[in-house]
Amino acid sequence: AENVSSVVTGFALRSYVFKDLVQVQSSSAWKESYFQETAADLTAQGINSVQGIPRLAEFPENHVTFTEQSSRHLKHGLRDFISIEDVMTNDINVMRETLMRISRAVVKSVDTNIWNTLTENQSATNINAVTSTAAWDAGSGQDPIEDIAEAIQLIEENDYEVVGKGVLVLSPKDFKSLLVWLISTKGANIPQFSSEKLSNGRVGEFLGLQVRVSNNVTADYAAVMIPKRCGVWKSAASLRTVTTEHPGISWEILTYEIGTCQLTNPKTVSLISNTQA
């Protein structure tokens, strides 16, 4: 059982993309209440301004505001049965392959939930929104750099430092479209990307942002966000695997995870839409 859990956990930790971008905190309550920060510059309230306080005068006062939100935990899980014949005699390591497939499905479900939460289900209300003037795979008129730069600008205008700290999250197709456009328009003067996809979707850096690629990014969208500031994953049960032997018949493999994602700082996220034709 310990070996099985090690296989699943090791695989999952390399596969999470969005869970890697949020804080992970344990939870013991089924319903979680949290406070969503209202991003706005603090200005002086009262008789004095922030600048030029007279001698012996009282300091002006203001407060950061938060909006109370709540979310409930979701259970993500899957199971499969492996015949005893496959475990004993198959040339392929069916047990290991099954563990990887099941854990991938659970990881994908968790990561999709986090992506949808951080992007408000791709319907920007509190987060920043950028609409590309032309799809990145269009024949002409596209300018991914301008779109990404605007996404950075909107976060920076809310007094969050994103350059050098943020991530650019892309679907595989949009990553390809960005590379093709850069090569065709900029030639050799383009950033260096990794030659292959690495763990947690890391593929390189661009415009001061770490680039992550994930199949969980909804088609026609991309996003810029600040890791660990954008949200929190409240974990009621971390990824777990249970194996049950049915003697002479099969092994039952069950994997699950329970948690909920919270968008805590909406203005640290910029959603880019219309990236695909």
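Residues are numbered from 1 along each chain as its sequence is written, and side-chain values use heavy atoms, with hydrogens and water left out. Because the model is predicted, local features need pLDDT of at least 70 and side-chain atom pairs count only at pLDDT 80 or more, while totals for chains, interfaces and linings use all residues. The structure holds 6 salt bridges and 0 disulfides. A salt bridge here is a side-chain nitrogen of Lys or Arg within 4 Å of a carboxyl oxygen of Asp or Glu, and a disulfide is a pair of cysteine sulfur atoms within 2.5 Å.

**Salt bridge E257 to K19**

- E257 and K19 form a salt bridge with an N to O distance of 2.5 Å.
- This pair ties together parts that are 238 residues apart in sequence, because E257 lies in strand 11 (residues 250-263) and K19 in the loop between helix 1 (2-15) and strand 1 (23-26). Helices (H or I, at least four residues) and strands (E, at least two) are DSSP runs, numbered from the N terminus.
- E257 and K19 are both buried, where buried means under 20% relative accessible area, exposed over 50% and partly exposed in between (1.4 Å probe, protein chains only).

**Network of D20, R202 and R212**

- Salt bridges link D20, R202 and R212 in a network.
- In the D20 to R202 salt bridge, the closest N and O atoms are 3.3 Å apart. D20 lies in the loop between helix 1 and strand 1 and R202 in strand 7 (residues 202-206), so this pair connects parts 182 residues apart in sequence.
- In the R212 to D20 salt bridge, the closest N and O atoms are 3.1 Å apart. Here R212 lies in strand 8 (residues 209-213), so the parts tied together are 192 residues apart in sequence.
- D20 is partly exposed at a relative accessible area of 24%, and R202 is partly exposed at 29%. R212 counts as buried because its relative accessibility is 4%.

**Other surroundings of R212**

- A polar atom of the R212 side chain lies 3.2 Å from the backbone oxygen of N200.
- The side chains of R212 and Q210 make a polar contact at 2.5 Å. A polar contact is a pair of N or O atoms within 3.5 Å; within protein, one must be able to donate a hydrogen and the other to accept it, and residues adjacent in sequence count only if both atoms are side-chain atoms.
- Not counting residues up to four places away in sequence, R212 touches V17, D20, L21, L168, V169, L170, N200, G201 and R202, with contact meaning heavy atoms within 4.5 Å.

- D174 is found in helix 5 (residues 172-186).
- D174 is buried but has no salt bridge, and the nearest side chain of opposite charge, K173, is 6.6 Å away. For charge, Lys and Arg count as positive and Asp and Glu as negative; His and the chain ends are not counted.
- D174 touches W136, Y221, T275 and Q276, leaving aside residues up to four places away in sequence.

**Cysteines**

- With 0 disulfides in the structure, C230 is in none, and its nearest cysteine sulfur, that of C261, is 7.6 Å away.
- C261 is likewise in no disulfide, the nearest cysteine sulfur being that of C230 at 7.6 Å.
- C230 counts as buried at 0% relative accessibility, and C261 counts as buried at 4%.
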